[in-house]
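I open this notebook to record what I look up, one topic at a time. The structure comes first, the entries after.

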Amino acid sequence: MRNPTAPLQTGRRAPLPERQGSAAARVGAGAATPGGAVFVLVAVLVVAIIVANPNFGDPGALIRFAGRTAPIAIAAMGQYFVIVSGEFDLSMGAVVTTQVVMAGNLIGQDESRIAPVMALMLLVGTAIGVVNGLVTTLLKVPSFIVTLGMMLALSGLVRYLTGGAATGNPVDAFRQIGRGGIEDVPVVDIIPYPLIILTVLAVLAVLLMRRPYGRSLIAAGDNPEAAHLSGVSLWWLKTRAFVLSSLAATIAGIILVGYAGVHPSVGQGYEFTAITAVVLGGVLLGGGRGWVLSAAAGAFSLELLFVLLTSLGVPSTWRDTVQGLIIIVAVAAASRAWQVGRRPRRTAQAPHPEPTASSTPTPDPGTTTGEK
Amino acid sequence: MNRRLTSTGIVYAVLLLSLVVGAVLTATAGRNFFSTGNISAILTATSILGFIAIGQTLVILVGSLDLSVPYVVSLTSLVGGTVMGGQSGNIVAGLLAALAVAAVIGIANGLVVSLLHVHGFIATLGMGLVVSGYLATNYQGSAGSAPRDFRLIGATQIGPVPLSTLIMLGTAGAAILLLRRTRLGHHLYAVGGNTDVARMSGLRTSVPVVAAHVLCSVLAGLAGLLLLARLSVGSPTIGSQGGYDLMSIAAVVLGGTLLAGGKGNILGTLAGVGIFAVMDNVMSVMSVNPFLKDVIRGLVIVVAVAVYARRELERRPARFERPSTLQAALEEAK
């Protein structure tokens, strides 16, 4: 007769699948998951673009491209936190707009105001995230609706206050954050500030996802009930995810002021682009699966795709169509891969219990529900 | 059983409340809310969003979403308009062509969702982008024209009730019958509630998903044709301007349908559409700044859903019920 606790008594357990094999084998296995495949996709796209347009291979051009893509990658990482916990943030684009317009109008031509206004922007971003999170978790309104309402409210307010036209022009020192960089660097010529910000944030995000917070966030996305029963306070966990998302949108907004200027249309559609990037990065909508850097890589692959289309001479009007097809194909492939990846593990963990001779209704000592 | 209001009941209470508040506010602006002109204006406003929201309800019930509706609306208005080309004899051909295009998009959506296992959000977002790229490439501006006979559909009124609203209500009735009386309708609820359980009970889970997506696209196509009848030309931006994707989802959720699927009904959705129409009407009468309208809309959506989202959860039965008396007796016997 099999004892249900037998595997625990044998002492050492088999290593987790992620820890098996040599380092090279592990990288190979990782690249086969949707979260790893996106890095392969980025590499393939870069090579394809360089073949189509050799100028893109110049290190200076590459790093400028990376700098341009940084805000959307940052937004995607913010959206990742929300999506991996099983929610949506549709208010992201409106938050970007709000922050851009705030920066434009409050900073003006006064350099001394940069620091206080930036603090205020971060504060506003935090407040928006807290509201999104609390309404979602405590009032139990689906996050799709909460953030949709927030999007309508914020974008309506911004357009009401600005009259729908471009207003305000922040001082050049502030725009340098998005536009400038460390100059006179050998080989690459310039390291854009946005790229530095992105790198710092990416490192912080990876560290955060390795901490208990990140682990419980993924657990909450995978199975909120189990996470709750194991002592996670769901409302506080998810609220912090929403705050991270609006803060990411705020930082993306600060960078975007640099080269997009101040206009109520900056940031429009950012939420869908960010969600697309996250999903391209192999993160599962509905939560519980995916890596934060894959989300950033998803943003890069999306932008690279546009560059590739441009350098192939595809009319810009077809961009949407190609983007739509790519998303569908990528997600279809990813969902298949996650399923294939799960199947053997699941059967290994749950072997069919052998029918015992004494199948009288004696309750199993390990279960409380009494079901066999 | 204590008789508490069902969620649909609450939605209608909210609709009633918005009517009362609307009447009072309109009166303070010195206008009559219940004048024939105003009532028919409100009813006209419900028809377009009504069609789309009915379709969206079916899709949401089955556990998916449809973000491609605005582009379907634009595309069908263009296809219908160009096929009709101002000739009364081509009306039927135009209708069929437009609805066939919509149905093909719906089938594609449904197959991607059910067979490729792509989340409805992404599948229809992608399909919407595909159609939007096609629209941007092939149509630079308005195209086609609706013949006079077809324009009458948009202009005819029976008493204060526009014909378009009657068609919409008829469609709603058909959808209600579909959900309550047909096998397909029950399967929609079953698959939306729990796909795995539905499959293990012997359903082909892909059939209801595809059917819901096709119906949703065809209804969006009807909305596009109605817009064509009103504007008399097809326009490539008419759908995305209206924001029909998110507004229809909001109306459905406002009507008490669970976004996760499996629970909800058409009546609630109609009330949700009605609330939006009354709100918009009152705000235009009060000449509220159009940008502020969005702010108010956003707040109302969140607050209204918050009111009953919590009740729904309270009413949900406990997960682990206490053992029944029979089980307790059995335990005792041992």
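**Entry 1**

I looked up helix α8 (residues 172-179) of chain A and found A:Phe174, A:Arg175, A:Ile177 and A:Gly178 buried. Seen down the axis of α8(A), these buried residues fall within an arc of 135°, so they line one face of the helix. I recalled the general rule that an α-helix has 3.6 residues a turn, so residues three or four places apart point the same way. I then checked the face of α8(A) turned away from the buried side, and there I noted the exposed residues A:Asp172, A:Ala173 and A:Gln176. I also note for every entry here that the model is predicted.

**Entry 2: chain A as a whole**

The secondary structure of chain A comes to 15 helices and two strands. Chain A has 372 residues, and 44% of them count as buried. I also looked at contacts in chain A between residues at least 6 apart in sequence, and 78% of these join residues at least 24 apart.

**Entry 3: a helix pair in chain A**

At what angle do helix α5 (residues 92-107) of chain A and α6(A) pack? I read an angle of about 155°, with the axes 10 Å apart. Angles over 145 degrees count as roughly antiparallel, and α5(A) and α6(A) are therefore roughly antiparallel to each other. The crossing in which α5(A) passes α6(A) is right-handed. From α5(A), the contact is made by A:Val95, A:Gln99, A:Met102, A:Ala103, A:Leu106 and A:Ile107. From α6(A), A:Ile114, A:Val117, A:Met121, A:Val124, A:Gly125 and A:Ile128 take part. I sorted the contact of α5(A) with α6(A) by class and got ten nonpolar, two polar and no charged residues.

**Entry 4: two glycines in chain A**

I looked up A:Gly253 and found it in helix α12 (residues 234-260) of chain A. Is A:Gly253 buried or exposed? A:Gly253 has 29 C-beta neighbours inside 10 Å and so counts as buried. Leaving out residues up to four places away in sequence, A:Gly253 touches A:Val96, A:Gln99, A:Val100 and A:Gly267. I had already met A:Gln99 in the contact of α5(A) with α6(A). A:Gly253 and A:Val232 are 21 residues apart in sequence, and from C-alpha to C-alpha they are 32 Å apart in space.

A:Gly231 was next, in the loop between α11 (224-229) and α12 of chain A. With 7 C-beta neighbours inside 10 Å, A:Gly231 counts as exposed.

**Entry 5: positive phi values**

I looked for positive phi in residues other than glycine, and A:Lys140 has one near 60°. A:Lys140 has its place in the loop between α6 (114-137) and α7 (143-162) of chain A. With 17 C-beta neighbours inside 10 Å, A:Lys140 counts as partly exposed.

In chain B I noted B:His117, a residue other than glycine with a positive phi near 60°. B:His117 lies in the loop between α4 (91-115) and α5 of chain B. B:His117 is partly exposed, with 15 other C-beta atoms within 10 Å.

**Entry 6: a helix pair in chain B**

I turned to helix α2 (residues 36-61) of chain B and its packing with α12(B), where the angle is about 70° and the axes are 9 Å apart. That makes α2(B) roughly perpendicular to α12(B). The crossing of α2(B) and α12(B) is right-handed. In α2(B), the residues that meet α12(B) are B:Leu49, B:Ile52, B:Ala53, B:Gln56, B:Thr57 and B:Ile60. In α12(B), they are B:Tyr244, B:Met247, B:Ser248, B:Ile249, B:Ala251 and B:Val252.

**Entry 7: where the chains touch**

How many residues of chain B are in contact with chain A? I found 40 residues of chain B in contact with 38 residues of chain A. On the side of chain B that touches chain A, the elements that give two or more residues are α5 (120-138), α12 (244-254) and α14 (290-315) of chain B. The largest share of that side, 15 residues, comes from α14(B). The residues of the side of chain B that touches chain A divide into 27 nonpolar, nine polar and four charged.

Technical notes
Residues are numbered from 1 along each chain as its sequence is written. Chains are lettered from A and ligands numbered from 1 in the order in which they are written. This is a predicted model: local features need pLDDT of at least 70, side-chain atom pairs count only at pLDDT 80 or more; totals for chains, interfaces and linings use all residues. Two residues are in contact if their C-beta atoms, placed from the backbone, lie within 7 Å. Helices (H or I, at least four residues) and strands (E, at least two) are DSSP runs, numbered from the N terminus. Ala, Val, Leu, Ile, Met, Phe, Trp, Tyr, Cys and Pro count as nonpolar, Asp, Glu, Lys and Arg as charged, and the others, Gly among them, as polar. Axes are lines fitted to C-alpha atoms, for helices over the stretch in contact, and angles run from 0 to 180 degrees between N-to-C directions. Angles under 35 degrees count as roughly parallel, over 145 as roughly antiparallel, 65 to 115 as roughly perpendicular and the rest as oblique. A crossing is left-handed if the near helix is turned anticlockwise from the far one by less than a right angle, and right-handed if clockwise. A residue is buried if 20 or more other C-beta atoms lie within 10 Å of its own, exposed if 12 or fewer, and partly exposed in between; C-beta atoms are placed from the backbone. The arc is that of the directions from the helix axis to the C-beta atoms.
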